[in-house]
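Biologist: I am new to this structure and would like to learn how to read it. Could we go through it one feature at a time?

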Amino acid sequence: MSPSTFLLILFTLCSFNLPTSAINFKLYQIVCGKISLIPVHMDVTKCLKALEDNPRIPLAKTYVELSELIVELALKNSTGVQGYLKILTKTNPSRAIKQCAIEDYTKIIQDYNSALTLVASSPQRAANIVADAQVHSFLCKTALLKEPKSPAYLFRLIDYVLFYCNIAYESISLIRVM
């Protein structure tokens, strides 16, 4: 099924206010459908593929469980990027790369760890903290853009972190506080 067909069916059925179990969509598919509507257009197919790669995500039964898994995935990705940036500071000790590795990604990782502890008890606070992580990703990207010799592949790594920020935020925003 093409992404546009998937979205059309998803939003048509959701407009009838049917529970997701009645229309047989998995929670992660609804999150990916939702991210396609944010102002910075996100690729539904890329979202579905990224989330399906984690075998636990399609099995999530609640948005809390799903959001925790997505935040864990974002945390793992950000930790890997920070490790790479720290190694890069040894061969390319530019101010921007140091800022990203030491300041921005340390804060991003702290934010994800904090958000993870709040998803179930305070989803709005968790979403706000994930948004803070996104800000630090943008700060890193902006610093690298000002550096004339920043390696192009770093921007792809940061865009991937931003991608997971968006998915985590949208997933958490679907949690209904009882």
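Biologist: Is glutamate 72 buried, partly exposed or exposed?

Modeller: This is a predicted model, and the accessibility is computed from it. Buried means under 20% relative accessible area and exposed means over 50%. Glutamate 72 has a relative accessible area of 35%, so it counts as partly exposed.

Biologist: With which residue does glutamate 72 form a salt bridge?

Modeller: The general idea is that side chains of opposite charge can pair when their charged atoms come close. Here the partner of glutamate 72 is arginine 56, and their closest N and O atoms are 2.9 Å apart. Arginine 56 sits in the loop between α4 (44-52) and α5 (63-91), while glutamate 72 is in helix α5, so the pair ties together parts 16 residues apart in sequence. Arginine 56 is partly exposed as well, at 47% relative accessibility.

Biologist: How many salt bridges does the count come to?

Modeller: The count comes to five salt bridges. One of them joins the side chains of lysine 141 and aspartate 159, at 2.5 Å from N to O. Lysine 141 belongs to helix α7 (residues 123-146) and aspartate 159 to helix α8 (residues 152-173), so this pair links distant parts of the chain, 18 residues apart. Aspartate 159 is partly exposed, with a relative accessible area of 32%. Another salt bridge is between aspartate 53 and lysine 49, at 2.7 Å from N to O. In that pair, aspartate 53 is exposed at 52% relative accessibility, and lysine 49 is partly exposed at 48%.

Biologist: What is tyrosine 105 in contact with, leaving aside its neighbours within four places in sequence?

Modeller: Its contacts are Ser78, Val81, Gln82, Leu85, Cys100, Cys140, Ile158 and Val161.

Biologist: How many helices and strands does the chain have?

Modeller: There are eight helices and zero strands. Of the 178 residues in the chain, 48% are buried. Among contacts with a separation of 6 or more, 65% are between residues 24 or more positions apart.

Biologist: What does the accessible surface come to?

Modeller: About 9500 Å², with 60% of that belonging to carbon and sulfur atoms.

Key. Residues are numbered from 1 along each chain as its sequence is written. This is a predicted model: local features need pLDDT of at least 70, side-chain atom pairs count only at pLDDT 80 or more; totals for chains, interfaces and linings use all residues. Side-chain values use heavy atoms; hydrogens and water are left out. A salt bridge is a side-chain nitrogen of Lys or Arg within 4 Å of a carboxyl oxygen of Asp or Glu. Buried means under 20% relative accessible area, exposed over 50%, partly exposed in between (1.4 Å probe, protein chains only). Helices (H or I, at least four residues) and strands (E, at least two) are DSSP runs, numbered from the N terminus. Contact means heavy atoms within 4.5 Å. Accessible areas come from the Shrake-Rupley method with a 1.4 Å probe; for residues, only the protein chains shown count as cover.
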